[in-house]
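Please find below a colleague's note on a two-chain model. The sequence and coordinates come first, followed by the comments.

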Amino acid sequence: MELILPAIGEVMQPINLAVMTIGLIIGMAIGAIPGLNVPLAVAISLPITFHLAPLAGIAMLVGIYKGGTYGGSISAILINVPGTPAAGATALDGYALTQQGHASKALRVALYSSFTGGLISDLSLIMFAIPVAMLALKIGPAENFALGILALTLIGVLSEGNMVKGLIAGAFGILLSTVGLDPLNGETRLTFGLLDLSGGFQFISLIIGVFAIAEAFALAHATAGRLVASVGQRVSAAGKGMSAADWRLCLPVMLRAAPVGVFIGAVPGLGSAISAFINYGIARNFSREPEKFGKGSLEGVAAAESGNNAVCGSTFIPLLTLGIPGDTITAIMLGAFMVHGLIPGPALFTANADFVAAFFVAMLVSSILMLAIGRLGLPLFVQAVRIPNKVLFPIVVALCMTGVYASSSSYFDLYVMLGFGLLGYGMKRFGFPVAPLLIGFILGPIVEVGLRQSLIISRGSLEIFVTRPIALICLLLAAMVVTWVAIRQNRGIKS
Amino acid sequence: MKRPGEEAGLAAILLAASLVLAAITPFQVTGGEIWGIGSATLPIALALAIALLAAWLLVDALRNPRPAEGPRQRAWPVLVMTVGLAVYIAALPWLGFYLSTVLLVGGLARLFGEGRILIILVLALAVPAVLLVFFERFMIIFLPAAAWN
């Protein structure tokens with residue numbers, strides 16, 4: 001406590017609040033633009049922070065990180081363009097809500113869920129950094145495989161009512177993730193001699209394709225049949241704010257998603273997209289209205305946003321406690337810490353205790369500022385839905401093309417995005433769910449690498465999955481989920 | 001808007017494609033196996049799983065043919081848009097970002113039903129300019145230049 005009070009005074013200095021606000025606004029703008037990801041924004045802003053005091057510089061980068069993670073949801077909800085990979089899960093229900101006239105409500109749920117997830121993650125960083133880091137260190141290949149299998153069972157959950165098509169979509173997603181270099185031996189597979197395919201398919205091309213480009217195809221099709229409204233979506237009066245019933249529905253989902261996100265964030269190599277999709281699947285499994293998922297469920301938006309923002313604070317756990325950056329952003333942040341003479345690791349808590357306290361306070365303050373800025377910006381963001389589709393969609397397609405090109409400077413990725421756009425359009429037309437495809441694509445490499453590394457470690461023995469407690473628990477849970485889904489599916493068929 | 005037989009046709013295509021993929025994957029993969037699992041194991045297993053599920057879908061579609069859900073719609077706008085986007089990507093290295101995107105935005109606005117020439121012109125000229133300035137000036141990410149530059 002003797003460190004916290006001076007830290008609050010330090011963080012509340014106008015310069016620190018100003019750079020955090022600037023960072024949040026930059027982050028939200030970058031996060032909302034497809035192809036411009038948060039690591040890029042943090043990397044570009046890094047040299048600016050060299051001219052600032054250590055706390056101000058780090059606080060600005062934290063602002064960009066948090067703002068960017070939230071910002072992806074704005075474009076996902078309003079125009080079906082997930083600005084970040086994690087926002088793909090938000091688009092599944094967010095855009096459907098916009099089409100129903102509930103854009104404002106969806107944006108509010110996304111904002112409050114992002115705030116809740118972020119706040120719980122910050123508090124976990126402050127209070128449980130050491131035990132969470134120790135638990136995260138126990139996650140090896142066998143645990144990664146078992147966690148991946150547990151998460152893959154969500155494909156079954158998300159396919160209920162349409163099981164065969166959902167399973168095909170999930171298997172196809174994993175298959176797509178195997179294209180390119182083998183993650184273990186570096187050999188090429190399924191590249192058909194194309195050098196451009198050796199890096200595999202980029203996730204950004206996949207999500208922009210199956211959401212935004214597929215939507216543009218559907219719009220073109222509807223225009224020909226004169227089924228499209230000549231003006232933009234309207235914001236219904238009932239869809240403006242969150243009612244008490246909405247809070248009762250969404251708050252438990254936010255609170256349940258946040259701890260899962262905190263854990264995923266603390267494990268190096270996982271990240272916010274995995275957290276968002278896993279929490280989306282969990283929320284559907286526990287929902288009283290699972291049939292609404294994918295068609296405009298507030299719970300779906302709440303789970304995805306709380307889950308992906310809950311990663312923000314906990315990704316700093318392995319960095320601050322052990323000096324291990326868990327993802328690209330924390331790797332860049334490690335550089336920022338070191339430039340300012342701060343060496344992350346156990347010694348940081350003794351040698352620079354005052355800075356660590358100020359950093360913790362800055363994390364909390366940036367969450368509160370994000371809530372304030374997001375709330376002030378809501379009336380502005382929601383105006384996007386008033387633009388007629390015939391004006392909005394040419395802009396959206398141009399933005400997607402530019403964003404995907406900017407992310408890799410590759411013309412090939414643009415063709416890939418176009419192909420995924422046709423795939424998404426076809427899936428929609430023939431009733432294949434998109435969520436299993438995306439979950440399969442994200443989790444495929446984790447499961448495959450986990451399995452193969454485990455077998456190498458155990459010299460080919462499958463015992464490794466039952467002798468390691470965390471792996472065993474995850475596999476048992478996966479078996480329980482599969483049984484549960486099968487029973488529910490069977491009941492559904494009978495009824 | 002499925003037509004009777006469309007779903008069965010799709011399932012048959014999926015079944016054939018996944019079987020072909022399972023058959024050619026060993027020739028598309030280099031590298032050996034370690035402890036029974038190699039680079040080709042997962043892709044082949046997945047292709048076979050998709051084939052099995054597609055067969056299930058095919059049988060279901062043949063047993064329970066579903067009626068059309070609405071009037072048949074013309075597919076030409078999707079085809080026009082696909083060809084247009086492919087031409088746009090191919091034109092980027094030649095015409096450059098600005099000129100290509102002017103044509104793309106103008107064409108799409110017309111395809112999506114915008115009939116007012118002034119609106120199309122403003123959109124086509126302003127959107128690429130804003131994107132160009134934002135990406136090149138603010139983000140320092142260079143977009144394709146025209147071949148003559």
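1. Conventions. Residues are numbered from 1 along each chain as its sequence is written, while chains are lettered from A and ligands numbered from 1 in the order in which they are written. The model is predicted, and for that reason local features need pLDDT of at least 70 and side-chain atom pairs count only at pLDDT 80 or more, whereas totals for chains, interfaces and linings use all residues.

2. Overall confidence. The model scores ipTM 0.92 and pTM 0.82. The pLDDT (the predictor's confidence in each residue, from 0 to 100) has a mean of 86 in chain A, where 95% of residues reach 70 or more. In chain B the mean is 87, and 90% of residues reach 70 or more.

3. Confidence by element. Helices and strands are DSSP runs numbered from the N terminus (helices H or I, at least four residues; strands E, at least two). In chain A, helix α3 (residues 38–49) has the lowest mean, 80, and α18(A) the highest, 94. Residues 227–232 of chain A have pLDDT below 50, and this stretch has 14 contacts in the model beyond near neighbours in sequence; a contact requires the C-beta atoms of two residues, placed from the backbone, to lie within 7 Å. Where pLDDT is low, the predicted coordinates should not be read in detail. Among the elements of chain B, strand β1 (residues 33–34) has the lowest mean pLDDT, 70, and helix α3 (residues 76–111) of chain B the highest, 94.

4. The contact between the chains. Chain A contributes 51 residues and chain B 54 residues. On the side of chain A that touches chain B, two or more residues come from each of α8 (163–177), β2 (188–189), α9 (203–224), α17 (389–408), α18 (411–429) and α19 (435–457) of chain A. The most come from α17(A), which gives twelve residues. By class, this side of chain A has 36 nonpolar, nine polar and six charged residues (Ala, Val, Leu, Ile, Met, Phe, Trp, Tyr, Cys and Pro count as nonpolar, Asp, Glu, Lys and Arg as charged, and the others, Gly among them, as polar).

5. Organisation of chain B. Chain B has four helices and two strands, in the sequence pattern α-β-β-α-α-α. It is divided into domain 1 (6–63) and domain 2 (76–138), with bounds from an automatic or database domain assignment. The centres of these two domains of chain B, taken over C-alpha atoms, are separated by 38 Å. Of the contacts in chain B between residues at least 6 apart in sequence, 65% join residues at least 24 apart. Buried residues make up 30% of the 149 residues in chain B (buried means 20 or more other C-beta atoms within 10 Å of the residue's own, exposed 12 or fewer, and partly exposed in between, with C-beta atoms placed from the backbone).

6. Packing of α6(A) and α10(A). Helix α6 (residues 103–137) and helix α10 (residues 244–266) of chain A pack at an angle of about 35°, their axes 7 Å apart. Axes are lines fitted to C-alpha atoms, for helices over the stretch in contact, and angles run from 0 to 180 degrees between N-to-C directions. The residues that meet include A:Gly117 and A:Ser121 in α6(A), and A:Ala258 and A:Gly261 in α10(A). By class, the contact of α6(A) with α10(A) has eleven nonpolar, seven polar and two charged residues.

7. A:Pro85. This residue is found in the loop between α4 (54–79) and α5 (87–99) of chain A. A:Pro85 counts as buried because it has 25 C-beta neighbours inside 10 Å. Leaving aside residues up to four places away in sequence, A:Pro85 touches A:Phe203, A:Ile204, A:Ile207 and A:Ala273. The C-alpha atoms of A:Pro85 and A:Leu206 are 9.3 Å apart, although 121 residues separate them along the chain.

8. The loop between β2 and α9 of chain A. A:Leu190 lies in this loop and has a positive phi, near 55°, in a residue other than glycine. With 21 other C-beta atoms within 10 Å, A:Leu190 is buried. A:Ser198 is placed in the loop between β2 and α9 as well, but is partly exposed, with 13 such atoms within 10 Å. Its contacts, not counting residues up to four places away in sequence, are A:Gly180, A:Leu181, A:Thr188 and A:Thr191.

9. A:Arg459. Is this residue, A:Arg459, buried or exposed? A:Arg459 is exposed, because 8 other C-beta atoms lie within 10 Å. A:Arg459 is found in the loop between α19 and α20 (464–467) of chain A, and its phi is positive, about 55°, although it is not a glycine.
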